[in-house]
Amino acid sequence: MSQGPGFLAIWSDVAIADETNYLHWLTREHVAERLSVPGFLAARVFVRKTDQARRYFILYDLAGAAVLSSDAYLARLNNPTAWSRRIMTLITNFRRGGGAVLKQVGYGRGGVATVTEIEPGERLFFDWRHLTDRVCTASLMVPDGKSTRIDTVEKSLRGGDASVSDFLMVEAVDVRALTDFHEKYAPDQHVQCVSSDLYDLVFSAT
């Protein structure tokens, strides 16, 4: 595993009727519990809203990818709280992947972000030395499937997790900055883009 910075990325859909309960769980219990695990450094929660549901994207900053298979973290996954057990029955389309931050440029965190998934092994399409105006940070994230395939009680409550591809996360101060970035640095025809979504930051903690 990489000895550099690590991450854990989680996506799930939440019905609008369940959103208040879900956000209370995140902000009053779950994120604090995760950040109590050694090696979990910070958390950010993003959302993409539709008329039917809310797509939540949670990104944890880790001291290293090895945190994902640590005894302390696995102990939490195998002993979920009663509230966590209830929430796991409400969320759908759950995806989870963690690993190493392969490359990162820029400074700070933005209030809006795009997450562009690419096929594993593809390498990126823009000049890492420069970012466009009002773009804070661009990060290339490479999941380590072995760490997130470990079977746990939490995973069994969800019925299993879908995998995550390599992805580029771009953070900016406004949506226009992200649009400008992607127009300037659009993937060339040889890069296989899986998906690209826009998210708003709604909560952060350290």
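This is a predicted model: local features need pLDDT of at least 70, side-chain atom pairs count only at pLDDT 80 or more; totals for chains, interfaces and linings use all residues.

Stop 1: Select Phe57 and Tyr199. Phe57 belongs to strand S3 (residues 53–62) and Tyr199 to strand S8 (residues 193–205), so this pair ties together parts that are 142 residues apart in sequence. Now look at how the rings meet: their centres are 5.4 Å apart and their planes stand at 45 degrees, so the pair is tilted. Are these two residues buried or exposed? Phe57 has a relative accessibility of 0% and counts as buried. Tyr199 is buried too, with a relative accessible area of 2%.

**Stop 2: the cluster around them.** Together with Phe57 and Tyr199, they form one aromatic cluster. The model has a count of 10 aromatic pairs.

**Stop 3: arginines over rings.** Keep Trp11 and select Arg95, which lies over the face of Trp11 at 5.6 Å from the ring centre. Next, select Phe94 and Arg158. Here Arg158 lies over the face of Phe94, at 3.9 Å from the ring centre.

**Stop 4: the largest pocket.** Select Gly145, Thr148, Arg149, Ser163 and Val164. Among the 15 residues that line the largest pocket, these lie nearest its centre. Which elements give two or more residues to the lining? They are strand S4 (92–106), strand S6 (135–143) and helix H4 (145–148). The pocket has a volume of about 200 Å³.

Technical notes:
Residues are numbered from 1 along each chain as its sequence is written. Side-chain values use heavy atoms; hydrogens and water are left out. On a 1 Å grid over the protein atoms alone, a cavity is a set of points where a 1.4 Å probe fits but cannot get out, and a pocket is an open set with protein on both sides within 12 Å along at least five of seven lines; lining residues have an atom within 4 Å of a point. Grid points are joined across faces, edges and corners, and a volume is the space filled by probe spheres set on the points. Helices (H or I, at least four residues) and strands (E, at least two) are DSSP runs, numbered from the N terminus. Rings of Phe, Tyr and Trp (its six-membered ring) pair if their centres lie within 6.5 Å; planes under 30 degrees apart count as stacked, over 60 as edge-to-face and the rest as tilted. Buried means under 20% relative accessible area, exposed over 50%, partly exposed in between (1.4 Å probe, protein chains only). A charge sits over a ring if NZ of Lys or CZ of Arg is within 6 Å of the ring centre and within 35 degrees of the ring normal.
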